[in-house]
Amino acid sequence: MSAKESASRQPASSSKKRVTGKTPAATSRTKKSATKKAAKRKAAAKPASKSSGGKRRFPVVGIGASAGGLEALEELLGATPADTGMAFIVVSHQHPGHTSLLPELLGKCTEMSVAEAKDGDRLQPNHVYVAPPGGYVAVMDSVLHLMGGPKGEMPPLPIDFFFRALAQDQKDRAICIVLSGTGSDGTLGLKAVKGESGMAMVQEVHSARYAGMPSSAISTSLADYVMPPIAMPAQLVAYAGGMNLYGRAQHGDAASVPLDLEQPMQKIFVLLRARTGHDFSSYKPNTMRRRIERRITVHEMKSPQEYVSLLQENPHEIDILFKELLIGVTSFFRDPEAWKVLAEKALPELMAVRPENYTFRVWVPGCGSGEEAYTIAILLRECMGNVNKPFDFQIFATDLDAEAIEVARAGLYPVGIAADVPPEFLKRYFIKEDGAYRVRKEIREMLVFAQQNVIKDPPFTKLDLLSCRNLLIYLNSHLQKRLFPIFHYTLKVDGLLMLGPSETIGGFQSLFDMVDKKWKLFRRKETAVAQMLPAIPAQPVKERGTRVPLGTFTPPARPVNISSELEKLLLGRFAPPSVIVNDRGDIIYIHGRTGAYLEPPIGSPSINIHSMAREGLQIELAAAMRQALSHDGDVVRQHIRVKTNGDYEYVDVSVSKITEPESVKGLLMVSFQLTPLPQPIEPSPGKKGHKAVRASTERVQELEQEVLYTRESLQTTVEELETSNEELKSTNEELQSTNEELQSTNEELETSKEEMQSLNEELTTVNAELQSKVDDLSRANDDMQNLLNSTHIATIFLDNDLRIKRYTEQARKLIKLIPGDIGRPLGDLASELRYSDLASDAEEVLTTLSRKEREVQTRDSGWFLMRMMPYRTAGNLIDGVVITFVDIDATKQAEEAGRVLLLQSIFDTLRDPALVLDSDLRVVKANATFCHTFHTDLKRTERHLVYDIGGGEWDVHKLRELLEQIIPRKSAFQDFDVPVTIPEIGKRVFRLNARKLERETGLPGLILLVMADITDED
C-alpha cells in the first residue's frame, strides 16, 4: 500500500485527533493540577474489570522505534488520550548495559502510567511498558517475559521478535506501529501481525528522521495506515472503537453486537470473483469473516452493507481485500523439526532409489513470498551433497498473489531472516546486499515461480515431492476432499506429500502411507482402484513469463457420488442381483446377492467380472457384453448352465448399456435371474428303463443347448470377424495413403534436416565466437573494475540525461550512492562536496564537449581535483559524461606548508622593520629588523596591540582608521609617515605601508605592515 493510499484513510474530521499529552517544556504545574494528574493515572491503572463473559480483553499496541524514534514516540504518546483502553509496549534499539532514560522522558509526555517492563508484568490497559536495553521481550497470556538477546553474529532484531510474539498471543487484537529507524527491523514482525488479522501502522517516510524501517515496512504493501505519529492516536481510538462495536475486543460487553455477515459476505464473494476471477466462497467462513470484519473496522463503518457499497464504488478496495484474504504467515525453516525429518529421513531414502542425473520435480502450492520454496531448494542441494549423486532439480512454486510471486522471484529478504536461517546456510546460500539478504543465483535458478489457482488450474505432474503446508487450513472440507486425489495423481510412485502441522489427510489413508505422524509427512501409495478424480483442465499453467489470464481455465466438475447415482438408477427399475461394470469389465457397483454367479479368483485379488465369473458363465457373459457395447438395447442370454457349489443352476443374464444420468453414462448393467430347470420329455409308463431314458433325455437336451449356444456364439464371432475385416481393409487403405504422405513428408524432413544441420553448424560457430567475445568482455570488465579500484580515483559515469550509469567504490565517499541509485539523476543525490555546480558543470561539458578541471573541497576540508569530460564511444559518439575525483589533499597541504615556510623566510630577511597583525591589530609576528631597530624583543611585541608599541606613539587616529579598514574592505595604504622616539637614538620618522595577506600566502585574514626609516631623506 502506498503512502498516498494510506493517507486517504486518515480521519476526515480533525475533531477526532484528540491531543491530551503535555510537552516536556510545560514543567510548571500547580499542586492542584498535579493532584488531578495523579488521580487520573490511578484511575487508568485499575485492572481490567470482569464481565459475565470472563476477563475483559483489550487491544495491545506494540511500538517499534530506533534511531530518531524519540521525537516520534513523544508525538505519538503526547497525542494519545489517557483512557484509550489499550496497553502500549515500546521496543527500541539500545545497547545492553545502557541506563535507559526513555521511561522518564516518555512519562513527561503522557498522562498514562509509564514504566520499564519487568519480567512477569501482566498487561493492563492505559499503561505504557518500555522494554529494557538489550535482550528481547515476549508476551504470553498477556504477561511480559524478558528474554536473552542473540548470540554470535546474528543481528539484534528485538522489534521483529516482539511483534511475532505479540501476533501469536493476541491474534486479531494485536496492533503494531513502526516508527523512525535504520535498517528493516519490524518488517517480518509486521507480516506476522497481519497474518493473524491484526492491524499495522507505519510512520510516513518524510516525517521520519531515519526512513529505513518505515520504508521497509511500507514496501510490504501490508500497512493499514501510513501517517505521521501525531495523527496515529485518533486512528487508534477509532479502530479500537470498531473492535468494541463488533465484539472483537471485549467479549461479554453489553455494547458489543455480533456482526451479521451471512448475506453481505456472499455479495462480497461475488464482487471478488467478478474482479479477480477467484471464488472464495469455499474457503473456511471463520477466516473470511474475521478478515472482512477487520476491513470494516479499518474504514470505521457501522454495518457490512456500507462496506459492500464501498466495494461496488471503489474497485481498488476489492484489490486490497483480495490481498488481505491471501495473507499467510511464512518464513524460512518454519517448524525446524519438520525440515529435519524431511532432510535426514525422507529425502535420502528417495534419492537412494533415483538414478544419477535424475530430475527431481517438486511443487509448492501456496508459496507466498517464496521462503518455503527456497528452504526446500536449500535442503535438496544439501541432501544431494550428502548422498554424493548428481541430480537436476525443477521446483515449481505457485500462488494466487502476483505481487508475492514477484517478491519470491527477486529472492531479496530483510536481514530479519537471520533469526530463521541457520548461520551456515545463511553464509553459503545468501549474499548480503545493502541491509538485506539475496538468495544466491544457483539456488534461484532451481525454482520456477508462477501464478496459479490450485483449486481450478491444472496441477504439475510426475512429482517427487509436494509441499502444501498451511494452505489446506484455509479451505473447507469439500475442497480438501477434491485436492487429495489430485495430489495423489500428481505424485510419482514413492513420492512425498508434506503438510502443515495442523493439517491431515482425513479419510484418504488408502492413498498415502504415514512417514512421520507428528510432522505430517506422507508417501504415495499404489492403490488397486483409482480414486475418482474431479475434472482437471487440460490447459497448462504458465511456468514463466507473464501472469496467467484469469478465467481462462475451465473449473473442475463437482465430484459425483457414483454409488448414490447407481442406487437411484437400480431402484428406478426392476433390478434382480446386478453388477455395474465399465467397458473393460471392472466392477464399479454390486447390487444384491451375486455370490451364486461370481466368486473371487485364485491368486491376486481382482474385481474384473470376467475373472470372477463362475464356470459356464464366462463365454456367454463375454459375448453378451461385446454385443451390448456394439449395439443399443438389452442383450439377453437365457438358460445358461452355471456350476454353483458342486451343482448346476440355470440363469438368465441380461446386459444393458446405461444412457443416463450423465455421470454414469456408458457403463454396463449385468443382471442375473435364476430360471427353473428345463422340463424333460416324459417316457410312456409301460416301457422299461424309465430312469435311464430320462437321464439320457436330459443329457441330450443339455448337449443340444450347448450346441445351440456354441452355434450362436460362433455366428456372432463370424459376424464380428467379417465386420472387423472390412474395417481392417478400410484402415489398411487409409494407412497406405497415410504412408505415402509420410514418405513424402519424410523426404521433406530429410531436406530440412540437412538445412538445419548446416544452420546448426553456423550457429555453433557463431555461438563459439560470441562465447569467446563474452569471455574477453568479462575479463576486460574485471580488469577495468580492478584498475579503477586500484587507482583510488573516484569515478562516476553519467548518460546523456545526466543519470548515474556506473560508479567506483571510492565515489561513494564523495557522493551518497547506493546500488539502487543507478538511473537516478545526478542532481537528486546528496554529496559531501562544497560544490553546488556539479550538475550544471556536467551539463555544460555535455553541451560544449569540452573538458573541465576544478579543485573542489569536501565538507571535512579535504581537497580533490575534479575532471569532467565527454564519454566517447568507439564510434566517436557522445554517450554521457565521465567525472573523476583525484585526491590532492596531501599535495595541497604540502603546497601550503611550503608557501608558509617561504613567506616566513622572506619575512625574516626583510631589511626594513615589519609586523604581521591579526584582525584585532595585535602583533602576530615581528621580524628581526624590527626588534633591532626599536630596541625590543618578541616577548614585549607579539600579542600586543600595535598602538601600545613605543609608549603609545603609534596610536595615531589616522593610522588607526587606515589599519581598521584593511580587512573588511580588502584595502591597503602606502606612504603614511609616523614620527617615533627610539630610546638611546632619538626621534625618527618611519613611512608605513600595509596590505591584507591573501589566501594564497597561507596566512589569510592577516595584515602585513612594513615601515621604512626616512628620517635621513629630508
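This is a predicted model: local features need pLDDT of at least 70, side-chain atom pairs count only at pLDDT 80 or more; totals for chains, interfaces and linings use all residues.
Residues are numbered from 1 along each chain as its sequence is written, and side-chain values use heavy atoms, with hydrogens and water left out. Local features need pLDDT of at least 70 and side-chain atom pairs count only at pLDDT 80 or more, while totals for chains, interfaces and linings use all residues.

Of its 1018 residues, 44% are buried, meaning under 20% relative accessible area, with exposed being over 50% and partly exposed in between (1.4 Å probe, protein chains only).

Next come the cores. A nonpolar core is a set of buried Ala, Val, Leu, Ile, Met, Phe, Trp, Tyr and Cys residues joined through side-chain atoms within 4.5 Å. The largest one holds 55 residues, and Leu342, Ile417, Phe430, Leu447 and Phe449 touch the most other members. Setting aside residues up to four places away in sequence, Ile417 touches Leu188, Phe332, Leu426, Phe430 and Tyr437 (contact is heavy atoms within 4.5 Å). A second, separate core has 46 residues, among them Phe280, Trp363, Leu479 and Phe508.

As for the loops, Leu101 sits between strand E4 (87-92) and helix H4 (102-107). Leu101 counts as exposed because its relative accessible area is 52%. Further along, Thr936 lies in the loop between helix H25 (928-933) and helix H26 (957-964). Leaving out neighbours within four places in sequence, Thr936 is in contact with Phe930, Cys931 and Thr941.

Definitions and conventions. Helices (H or I, at least four residues) and strands (E, at least two) are DSSP runs, numbered from the N terminus.
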